Every structure is written in C-alpha cells, then in structure tokens.
Amino acid sequence: MALSRFSTGVLAGAFVLLFSCFLTFVTVAPAHAQQDVQQDELLIMGMKAFSNGQLTLAEEALETAYKKAPDYFRVTYWLALTHKAQGRYERAERFYLKTIELYPAFPPNIYIDLADVALARGNHRQALRYIKTARQKGIRSAYLRQMEGVALLNLKDHEKDLQVFQDVPTRQSALKKEAT
C-alpha cells in the first residue's frame with residue numbers, strides 16, 4: 001500500500017504521540033500487566049511497522065505478541081489501531097474493548113475510537129452509546145459532537161442532529177475558554 005508524503009507524515013506524528021502514551025503506560029501500568037522483554041520487542045516492532053504504513057507487518061508482529069500474552073493491554077490496543085487502519089472494524093472494536101477490560105484505567109479517549117469504529121460499521125446506536133460513555137468520562141470535543149451528529153443523521157433524527165451540528169462551533173469556543 002503506497003502512502004503519500006502527507007499520509008506518512010501523519011502516521012509518523014501519530015506514532016510519536018502514541019509512543020509517548022506507551023511510555024507513560026510503561027511507568028503507570030499495574031504489575032500484572034508487565035510482560036517479558038520479548039513481548040515488548042514484538043510490540044515495538046509492530047508500532048514501528050504501523051508508523052511506517054506497513055500494516056501487514058504490524059499485524060503479524062502484534063498477533064504474535066498477542067498469542068504469547070493475550071492479557072497484555074498495550075498489544076490489544078495496537079492491534080485495535082492496526083485493524084481500524086485496515087478497515088477491519090469488528091476486530092478493531094473487539095480489541096478496543098479487550099484493552100478496556102484488561103486495563104480499565106486506560107485513557108477515556110478510547111471511547112472516541114470505539115464510536116468511530118461503530119460509525120464505520122454502520123452501527124449508529126452503538127456509536128451513540130460510546131459517545132455517551134466518553135462524555136460521562138469527561139471527554140469534550142467538537143469531533144465527538146460531530147460524530148454524534150452523523151450518528152443521529154443516519155438514524156433519521158433530524159431535529160437532534162441539526163442541533164448537534166449547530167452546537168459544534170459554540171462548544172469549540174467554550175472549550176477554548178475553559179482551557180485558559
């Protein structure tokens with residue numbers, strides 16, 4: 001799969017961000033989640049392949065790590081990302097949910113990924129449930145509102161979806177004010 005320079009740059013940026021999250025998890029993960037060096041090497045190999053757009057290689061390394069340690073939440077998370085990038089949304093959803101099961105303290109942004117996957121699968125009601133969970137866990141973003149509007153639009157709830165889309169710019173400026 002050939003990637004443009006822009007796509008490669010985006011993937012590299014995503015890799016840097018996700019790798020920094022990974023390093024954070026290494027220091028705060030519960031003791032039972034710590035695995036041996038071999039799984040970490042496979043995980044890093046999978047992460048690098050993912051960042052280089054080599055999704056098949058990433059999947060192979062991560063699936064091998066998963067077979068050796070199915071309770072390693074870092075591997076399940078990266079498998080979810082890989083399957084999502086490959087358009088295998090059902091598998092991505094399964095691995096996102098497995099990540100939460102293994103490590104309930106995982107950052108709540110994962111529910112945005114779950115909503116995104118549910119929308120891609122055409123499961124708009126499930127997407128709305130994930131969006132609701134993200135909000136309950138404190139996630140506030142214009143993208144979340146946008147996904148909610150898309151789900152409502154597809155469910156033919158036009159009165160609600162119109163309100164959601166009209167709220168997006170207002171919510172974004174409100175969030176900026178909260179941040180300052």
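Helix axes here are lines fitted to C-alpha atoms over the stretch in contact, and the angles between them run from 0 to 180 degrees between N-to-C directions. Everything below comes from a predicted model, in which local features need pLDDT of at least 70, side-chain atom pairs count only at pLDDT 80 or more, and totals for chains, interfaces and linings use all residues. Residues are numbered from 1 along each chain as its sequence is written, and side-chain values use heavy atoms, with hydrogens and water left out.

On to the overall layout. The chain has nine helices and zero strands, where helices (H or I, at least four residues) and strands (E, at least two) are DSSP runs numbered from the N terminus. Of its 180 residues, 41% count as buried, meaning under 20% relative accessible area with a 1.4 Å probe and protein chains only; over 50% is exposed, and anything in between is partly exposed. The chain exposes about 10000 Å², and carbon and sulfur atoms supply 56% of that (Shrake-Rupley method, 1.4 Å probe; for residues, only the protein chains shown count as cover). Taking contacts (heavy atoms within 4.5 Å) with a separation of 6 or more, 57% join residues 24 or more positions apart.

Next, the inside. Leaving aside residues up to four places away in sequence, Tyr96 touches Tyr77, Ala80, Leu81, Lys84, Ile110, Asp113, Leu114 and Val117.

H6 also pairs up with H7: their axes come within 8 Å and cross at roughly 170°. That makes H6 roughly antiparallel to H7, a label used for angles over 145 degrees. On the H6 side the contact is made by Tyr111, Leu114, Ala115, Ala118 and Leu119, and on the H7 side by His124, Gln126, Ala127, Tyr130, Ile131, Thr133 and Ala134.

Finally, a look at one residue of H3. Thr64 sits in helix H3 and is partly exposed, with a relative accessible area of 34%. Its side chain reaches the backbone oxygen of Glu60 at 2.8 Å. Gly46 is 18 residues from Thr64 along the chain, and 9.8 Å separates their C-alpha atoms.

Notes
Polar contact = N/O pair within 3.5 Å; in protein donor to acceptor, adjacent residues only side chain to side chain. Parallel < 35°, antiparallel > 145°, perpendicular 65-115°, else oblique.
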